[in-house]
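Reader: Pick one part of this model and take me through it closely. Then show me what lies around it, in short sentences.

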Amino acid sequence: MKQIVVLGAGYAGLKAVRSLQKKEGDFHITLVDHNDYHYEATELHEVASGTQPKTKISYPIRDVLDTKRVTFIQDSVVKINPESQSVELKNHATLQYDYAVVSLGFCSETFGIKGAKENALEMVDVPSSEKIYQHIMEMMKKYRETQDEKYLQILICGAGFTGIELAGALVDGRKDYAKAAGVSEDKIKISCVEAATRVLPMFDEKLADYGVELIKKLGVNLMTGCMIKEIKPGEVLYTKGKDDPEVNTVAAATIIWTTGVSGSQVIGESGFEQRRGRVMVNADLTAPEYPNVYIIGDVSAVMDPTSNRPYPTTAQIATRMGLHAAKNLYNQLHSKPTEAFTFHSLGTVASIGNTHALGLVGKTQVKGYPASVVKKSIMNKSLLDIGGLKELLSKGRFDLYH
Ligand SMILES: Cc1cc2nc3c(=O)[nH]c(=O)nc-3n(C[C@H](O)[C@H](O)[C@H](O)COP(=O)(O)OP(=O)(O)OC[C@H]3O[C@@H](n4cnc5c(N)ncnc54)[C@H](O)[C@@H]3O)c2cc1C
């Protein structure tokens with residue numbers, strides 16, 4: 001019997017398993033993940049802001065597995081040895097495989113900014129997102145004790161897609177924070193420091209401007225053109241532009257790092273040729289030199305032939321890769337040729353809190369409340385796609401009318 005290991009049960013890995021477990025054949029799958037639950041990373045900002053509990057964005061992995069065909073191991077992958085076809089785990093015996101699907105996802109990238117790791121909170125998984133919310137609430141309590149306004153300041157480093165979605169969710173959470181601090185909502189200050197002068201570059205200027213105006217109207221202080229130089233405890237140091245020698249400081253008791261992500265560090269430690277934890281994969285999603293290893297989701301880079309740059313790493317492409325890797329692996333098991341991966345984005349919609357959003361669906365622009373309905377439909381579709389009907393019915397967002 002052929003042994004398949006799938007490493008990481010995020011969008012890419014779980015989709016691959018769910019697709020493979022339905023197929024007939026003489027193979028067994030072993031799925032490994034740190035956690036015994038799957039979480040929707042696209043909703044982490046809601047856990048970080050406290051607007052959704054962990055249970056709303058996650059479900060037990062075993063609930064969606066065919067346990068006759070899949071063995072689940074809850075453990076951390078330490079290293080993959082493609083030469084000896086083995087995977088080292090932290091607490092279990094080394095696994096041997098005939099085929100591997102590597103889908104270990106993203107981690108925070110600090111770009112070497114001094115103090116970022118030590119003095120800013122990252123938002124990369126459920127525990128780190130829950131920690132942000134707990135931290136905010138602790139700071140509100142400290143304000144009650146000290147009346148020091150720095151405890152009411154929340155600062156997001158980076159106004160990319162993730163930073164903007166987080167800012168919107170924090171605006172929704174502001175009422176709760178204010179209650180905990182015993183102040184009016186307008187006393188809670190939310191700022192976003194961003195090096196670029198134009199935010200949301202994935203959208204055209206008019207749509208991005210709409211997003212900027214909306215976020216400002218909601219009371220977020222958007223500090224664009226500010227290059228972060230260092231993070232000190234409770235302080236962000238920045239310059240206005242790259243060459244300005246004057247260093248400015250902004251104080252905040254809560255500093256959250258959403259400036260960028262890279263692929264899992266396990267990729268580099270396993271000796272794959274990579275850049276920032278991402279492997280430039282073959283057209284069929286296998287690793288260069290290893291036709292029995294698929295590298296998918298945020299740990300892979302796939303060229304977009306139209307832009308000649310790698311596709312942005314998203315849940316949408318990760319899910320498609322999971323499906324495609326499962327199909328190719330099945331072909332290999334039956335001595336059939338693999339097929340090249342192709343991708344057409346269905347669009348991107350950024351939520352700004354629960355009732356606002358903006359983005360593109362196909363080529364159509366969507367804005368405001370209708371866009372937030374579209375966003376929830378996209379999330380529901382993704383939930384159905386990975387978790388199936390049962391998970392959609394228990395976790396789906398059907399609060400479309402307010
Ligand atoms: C706040 C936020 C909003 C986003 N919004 C969108 C959006 O609207 N649309 C969109 O398409 N994309 C969005 N993204 C990006 C999207 O979440 C990622 O591209 C996507 O999660 C990648 O999927 P993946 O399966 O490759 O990895 P992940 O979802 O990161 O899953 C990786 C899995 O591997 C496990 N794992 C990691 N390391 C190990 C290890 N060493 N050992 C064992 N297990 C391990 C993890 O526990 C996890 O289950 C957003 C991201 C964030 C943070």
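Author: The second largest cavity holds about 60 Å³ of space. This is a predicted model, in which local features need pLDDT of at least 70 and side-chain atom pairs count only at pLDDT 80 or more, while totals for chains, interfaces and linings use all residues. Residues are numbered from 1 along each chain as its sequence is written, and side-chain values use heavy atoms, with hydrogens and water left out.

First, the terms. On a 1 Å grid over the protein atoms alone, a cavity is a set of points where a 1.4 Å probe fits but cannot get out. A pocket is an open set, with protein on both sides within 12 Å along at least five of seven lines. Lining residues have an atom within 4 Å of a point. Grid points are joined across faces, edges and corners, and a volume is the space filled by probe spheres set on the points.

Glu40, Glu43, Lys56, Ile57, Met379, Asn380, Leu383, Lys395, Gly396 and Arg397 line the second largest cavity. By class, three are nonpolar, two are polar and five are charged. Here Ala, Val, Leu, Ile, Met, Phe, Trp, Tyr, Cys and Pro count as nonpolar, Asp, Glu, Lys and Arg as charged, and the others, Gly among them, as polar. Helix H9 gives the largest share of this lining, three residues. Helices (H or I, at least four residues) and strands (E, at least two) are DSSP runs, numbered from the N terminus.

Look next at the largest cavity. It holds about 100 Å³ of space. Its lining includes Glu43, Met379 and Arg397, and those three residues also line the second largest cavity. Lys375, Lys376 and Ser372 are among the other residues of the largest cavity's lining. Two elements give two or more residues to it: helix H2 (44–49) and helix H9 (368–387). H9 supplies the largest share here too, with four residues. By class, this lining has one nonpolar, six polar and five charged residues. The structure holds three cavities of 30 Å³ or more.

Stay with Lys375. Its side chain meets that of Glu165 in a salt bridge (3.0 Å, N to O). Lys375 lies in helix H9 and Glu165 in helix H5 (residues 161–181), so the pair ties together parts that are 210 residues apart in sequence. A salt bridge is a side-chain nitrogen of Lys or Arg within 4 Å of a carboxyl oxygen of Asp or Glu. Both Lys375 and Glu165 are buried. Buried means under 20% relative accessible area, exposed over 50%, and partly exposed in between (1.4 Å probe, protein chains only).

How many salt bridges does a search of the whole structure find? It finds nine. One of them joins Arg276 and Glu109, with the closest N and O atoms 3.2 Å apart. That pair is 167 residues apart in the chain. Arg276 is partly exposed, at 41% relative accessible area. Glu109 counts as buried, at 14%. Glu230 and Lys114 form a salt bridge as well (3.9 Å, N to O). Glu230 sits in strand S15 (residues 226–232), and Lys114 in the loop between S10 and H3, 116 residues apart. Glu230 is buried, with a relative accessible area of 18%, whereas Lys114 is exposed, at 56%.

Leu384, Leu389, Leu393 and Phe398 make a nonpolar surface patch of about 420 Å². Patches are made of residues with over 30% relative accessible area and no salt bridge: like charges are joined within 9 Å, nonpolar side chains (Val, Leu, Ile, Met, Phe, Trp, Tyr) within 5 Å. Accessible areas come from the Shrake-Rupley method with a 1.4 Å probe, and for residues only the protein chains shown count as cover. Leu389 is in helix H10 (residues 389–395). Leu389 is exposed, with a relative accessible area of 52%.
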